[in-house]
Amino acid sequence: MLMQKTKVCLIVAMAMTAITSSVFAGGPGKPGATDVKPDANNAGLKLPAGFGALKAADSLGRTRHISVTSNGGVYVKLDRAKNNNGILYLQDTNGDGKIDKKTSFGGYGGTGIYVKGDYLYATSNEDIYRYKLDAQQQVIDPEHPELVVTGLINRRQHESKSIVLDDNGNIYVNIGAYSNSCQTQDRTAGSMGMQPCPILDSAAGIWQFKANKLNQTYGDGVRYATGLRNVVGLDWNKSLNQLFVMQHGRDQLHDLFPSLYTEKQSADLPAECMYALKQGSDCGWPYIYYDQNQHKKMLAPEYGGDGKKTGGENAEDPVVAFPGHMAPNGLLFYTGTQFPEKYRNGAFVAFHGSWNRSPENQAGFFVVFVPFKDGKPAGKWEVFADGFAGPGPVKSPGDAQHRPCGLAQGPDGSLYVTDDVKGTVYRIVYKTK
Amino acid sequence: MRKWILAVMPLMIGALAASAQVKKPAREKPVPAKQSTGGGAAQIVRGKALYKQYCISCHQENGTGVPRMNPPLVKTEYVLGDKTRLIGILLKGLNEDVEINGDYFTNPMPSQAALKDQEIADILSYVRNSFGNKASTVSAAEVTAVRATIK
């Protein structure tokens, strides 16, 4: 009897090893190290010494956000469904780092995608769906997702619904403002702001919903944070147990108020801000914007501001203020051990690149790193990965060959970056050997 | 025989191209240029300056727009097509899901009704004759006529 039990255990153990080693054969690598070889030219990217990059996949369509499972499988959300498929599941079955197996499902376009526990969550521009995962973290029934949240506002502008989950069964979703700065006439020169701004009731904030309750809508959720014009990049910081978001700041200060702002000022203002949120946070949109040069919250011209008057005494201050219009589309707190110590718990931000900096060249199109210590930025942000746009200066965003959008961390600590121009999935590794 | 033609062909094409350059084909001229206020060329020059002031942020210097957000003005059916519809977009703005060159764009196009009829005519004349576009110019009278139909 005892003999038999041990034997069974042994066989089970052997089988387990066989399964795990076959699953982990290459792709995901060991935590803290990677065997994956970078491309000869590092996929065209400029990286700090010791780092390399490869194109894990290419030509996938407009790949927006990305989530990597604990066994190295990659889920990517497409901006527009292609042949009725808006989600891609990518695998690297031989461990060389290159995606060699691709399946697709999910007949809706969108941006948000996130794997948490036994579920894959994905968003259209109005709804949040979830798919149950099997032990291999693969979707069991791709044709029949469950509808978690429905009927979120989509009035075209700032339509994407980015999501992240905490460790307590809550889902956080961005509902962007369907406006630039809540003018009576949106984006029309001289038009003043609506007082109070009616958009704040149903958009321009982060809403919290239950991850395991179906068919929720506004009444079931909580407006967790407000005064956020549009958030695309967001992440749950596990060491602080706190939601961090990247706001896309307002556009066109000069176009709309030419007597108050020069073209040059308008090209750099306002800041693109990182905020650390608590329930009830108000980040001040549309009444104020943040000026990264004066380090102040400024009254918006639509509400009587002139570039000098400050405002929003009760509004949150940003944790980090970046130059204007660079469009932060991805945020990731790095928890891996593959990259050097400096990167642990710091933030990576993927900047999609600007469009309203004319007559200056456009800016962004890179991934930056912000070191963190004790929950606060510990030093200035630095460009981590550059070269996505190609060699030349970018006069117009259409000139950019690739534009960074989503970020994810692989189980071995590799950093994945999506591009929504050509549909490239980059994998950035640290050369441990 | 065939070999001979093939060998001479590049020469013939070269000669044709050279003579074409000298002669300047008449069909290249925009059709009603003469009719428009201030003449087509002057309108296009003024239109360029106005475009820079009122349109460039969104539609960009080269008219290619911004992916997913602001549409291109390069050979779209709106730019090259029916002038009444085109003038209407400038006077009323546009904020609905319409397909433009095979894609969709999510920003709103704000109404430009605050501009004068002549200014709109100049901007549209510039747009219709730039970025690879080639179409007739737009007159202030045409803009006035469309404005009268919009309350």
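Reader: How many salt bridges are there between chain A and chain B?

Author: The count between chain A and chain B is 6 salt bridges, where a salt bridge is a side-chain nitrogen of Lys or Arg within 4 Å of a carboxyl oxygen of Asp or Glu. This is a predicted model, in which local features need pLDDT of at least 70 and side-chain atom pairs count only at pLDDT 80 or more, while totals for chains, interfaces and linings use all residues. Residues are numbered from 1 along each chain as its sequence is written, chains are lettered from A and ligands numbered from 1 in the order in which they are written, and side-chain values use heavy atoms, with hydrogens and water left out.

Reader: What makes B:Glu61 and A:Lys395 a salt bridge?

Author: Their closest N and O atoms are 3.9 Å apart, and the limit is 4 Å, so the pair qualifies. On the side of chain A that touches chain B, the residues divide into 2 nonpolar, 8 polar and 13 charged. In that division Ala, Val, Leu, Ile, Met, Phe, Trp, Tyr, Cys and Pro count as nonpolar, Asp, Glu, Lys and Arg as charged, and the others, Gly among them, as polar.

Reader: How many residues of chain A and chain B are in contact, and what area is buried between them?

Author: 23 residues of chain A are in contact with 24 residues of chain B, contact meaning heavy atoms within 4.5 Å. The area buried between the two chains is about 2,000 Å², of which carbon and sulfur atoms give 43%; buried area is the accessible area (1.4 Å probe) that two parts lose on being put together, summed over both.

Reader: Which parts of chain A does the salt bridge of A:Asp118 and A:Lys132 tie together?

Author: The closest N and O atoms of A:Asp118 and A:Lys132 are 3.8 Å apart. A:Asp118 lies in the loop between strand E6 (113-116) and strand E7 (119-123) of chain A, and A:Lys132 in strand E8 (residues 128-132), so the pair ties together parts that are 14 residues apart in sequence. Strands here are DSSP runs (E, at least two residues), numbered from the N terminus.

Reader: Why are strand E1 and strand E27 of chain A called edge strands?

Author: They belong to an open sheet of 4 strands in chain A with the order E1-E29-E28-E27 and antiparallel pairing, and each of the two, E1 (51-57) and E27 (404-409), pairs on one side only. The twist averages 25° from one strand to the next, with axes taken as lines fitted to C-alpha atoms and angles running from 0 to 180 degrees between N-to-C directions.

Reader: How do you know that E1 and E29 of chain A pair?

Author: Two strands pair if DSSP finds at least two bridges between them, and E1 and strand E29 (residues 425-430) of chain A have 6 bridges in the antiparallel sense, so they pair. One of the partners is A:Ile428 in E29, which is bridged to A:Ala53.

Reader: What joins strand E23 to E26 in chain A?

Author: Strand E23 (residues 366-370) and E26 run antiparallel and are joined by 3 bridges, with A:Val367 standing opposite A:Ala385 in E26.

Reader: What is said of the peptide bond from A:Gln195 to A:Pro196?

Author: That bond is cis, with omega near -5°, and A:Pro196 lies in the loop between strand E11 (170-175) and strand E12 (205-210) of chain A.
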